[in-house]
Amino acid sequence: SPRKKEEKTKADKINEIMADGATTDKMEIDYSDTCDKKLPEAQSLASAGKLEEAMDILTGLEKQTRTGCETHSTGRVLVTIVELLYEAKDWTQLNDRIQDLVKKRSQLKQAVAKMIQKCCTFLDNIGDKPTMLKLIDTLRTVTAGKIYVENERARLTHRLAKIHEKDDNVAEAAKIMQELQVETYGSMERQEKVELILEQMRLCLATKDFIRTQIISKKISTRYFEEGKHSDLKLKFYRYMIELGQHEGDYLDICKNFRQVYDTPCIQENAEDKSATLKNIVLYIVLAKFDNEQSDLIHRIKTERALDDDGLVMYRAILEKFITDELISQAEFCQNFEGELRQTDAFSKSEAGDKRWSDLKTQIGKHTSERQSR
């Protein structure tokens with residue numbers, strides 16, 4: 001009914017104003033003057049070695065500002081508490097206080113967020129690794145499941161993963177990063193989301209977890225790279241996709257991913273990178289299984305003017321052999337091209353390179369058989 005709707009609307013408005021159950025009649029209280037007086041007092045006591053006395057003042061002030069629902073002042077108090085404990089190097093009390101302050105009844109979310117952000121700045125200046133890891137663990141514990149500090153938790157998780165990777169524990173680093181679902185974070189900038197998803201892909205590839213790499217790759221919309229501002233992220237993504245394709249043996253997909261790399265402005269502006277990428281495009285398209293899509297793509301690649309450059313004449317010749325109706329002599333092909341091709345990454349003297357070289361010979365045989373049957 002209209003009356004019930006009106007009551008519901010009022011209730012929603014009250015809930016928006018209230019902070020974790022705090023009453024609205026306390027919203028008008030401003031503790032700025034009180035904080036301006038008591039915070040310097042607590043800081044002076046801490047500087048004089050009277051840390052506990054300083055904590056007593058701040059604990060009382062925190063309760064006063066929190067129950068009064070004064071977000072700004074509560075944030076100032078929480079930040080001061082952790083700052084003084086950090087400066088005193090009282091790591092045990094710092095970790096305990098962080099957990100205790102977050103659990104306080106009717107604690108204000110914005111104030112907690114400010115405290116967490118301040119604590120994250122301490123990590124760069126903590127030289128003792130166990131101390132740093134303990135603080136990271138504390139911060140990750142208190143931020144778990146809290147949307148208003150999801151960005152901080154994601155950054156802490158990434159930091160922890162990098163520490164494990166540096167200690168040669170890549171599997172643990174990958175496991176830690178996998179818990180992040182950054183694609184669902186509403187407050188995180190798109191660029192940071194992409195960077196973290198790329199880190200997840202990189203670690204999955206490092207642990208040979210190709211299935212999860214494929215799943216994670218779908219969380220990135222390639223339209224993001226069309227803006228042209230994020231060439232570094234685009235190149236990372238497609239190089240990871242190329243690595244994935246090489247494991248799967250999907251040569252057509254690898255070729256298409258190299259095409260995306262090739263179309264990136266910074267690659268086009270670098271003659272060496274441009275030439276190397278175009279060589280890979282040619283090699284993987286001739287490796288790809290013949291079908292309508294492969295046929296269409298190989299003819300489009302043929303129109304690339306850069307193939308007329310001196311260093312790429314051989315690659316144009318290879319392309320031509322797979323386009324024309326002429327039979328390919330495998331012996332002649334190997335005599336003319338094997339020396340050059342076996343020096344490339346695609347056909348390097350390795351297990352993977354040998355496999356691709358064998359696949360190329362198979363493609364030559366299929367091409368010849370198909371032309372003979374016509």
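**Contacts of a core residue and of the helices**

Mentor: Leaving aside residues up to four places away in sequence, Phe333 touches Ile318, Lys321, Phe322, Ile328, Glu338, Leu341, Trp357, Leu360 and Ile364 (contact means heavy atoms within 4.5 Å). This is a predicted model, in which local features need pLDDT of at least 70 and side-chain atom pairs count only at pLDDT 80 or more, while totals for chains, interfaces and linings use all residues. Residues are numbered from 1 along each chain as its sequence is written, and side-chain values use heavy atoms, with hydrogens and water left out.

Phe333 and its partner Leu341 are the residues with the most contacts inside the largest nonpolar core, which has 110 residues. Such a core is a set of buried Ala, Val, Leu, Ile, Met, Phe, Trp, Tyr and Cys residues joined through side-chain atoms within 4.5 Å; buried means under 20% relative accessible area, exposed over 50%, and partly exposed in between, with a 1.4 Å probe and protein chains only.

Another buried residue is Leu278, whose relative accessible area is 2%. Leu278 lies in helix α15, residues 271–287 (helices, H or I with at least four residues, and strands, E with at least two, are DSSP runs numbered from the N terminus). Beyond residues up to four places away in sequence, Leu278 touches Tyr262, Glu304, Ala306, Leu307 and Leu312. Its C-alpha atom is separated by 22 Å from that of His367, 89 residues apart along the chain.

Consider next how helices meet. The axes of α4 (residues 71–87) and α6 (residues 109–122) come within 8 Å and cross at roughly 25° (axes are lines fitted to C-alpha atoms, for helices over the stretch in contact, and angles run from 0 to 180 degrees between N-to-C directions). The angle therefore makes α4 roughly parallel to α6 (under 35 degrees is roughly parallel, over 145 roughly antiparallel, 65 to 115 roughly perpendicular and the rest oblique). On the α4 side, the residues in contact include Leu78, Val79, Val82 and Tyr86, and on the α6 side they include Ala111, Met115 and Phe122. By class, this contact has nine nonpolar, five polar and three charged residues (Ala, Val, Leu, Ile, Met, Phe, Trp, Tyr, Cys and Pro count as nonpolar, Asp, Glu, Lys and Arg as charged, and the others, Gly among them, as polar).

Within α4 is Thr74, which is buried, with a relative accessible area of 0%. Not counting residues up to four places away in sequence, Thr74 touches Thr65, Arg66, Gln107, Leu108 and Ala111.

Most residues other than glycine have a negative phi. Lys89, in the loop between α4 and α5 (91–103), has a positive phi of about 60° although it is not a glycine. Ser106, in the loop between α5 and α6, likewise has a positive phi of about 60° and is not a glycine. Lys89 counts as partly exposed at 45% relative accessibility, whereas Ser106 counts as buried at 17%.
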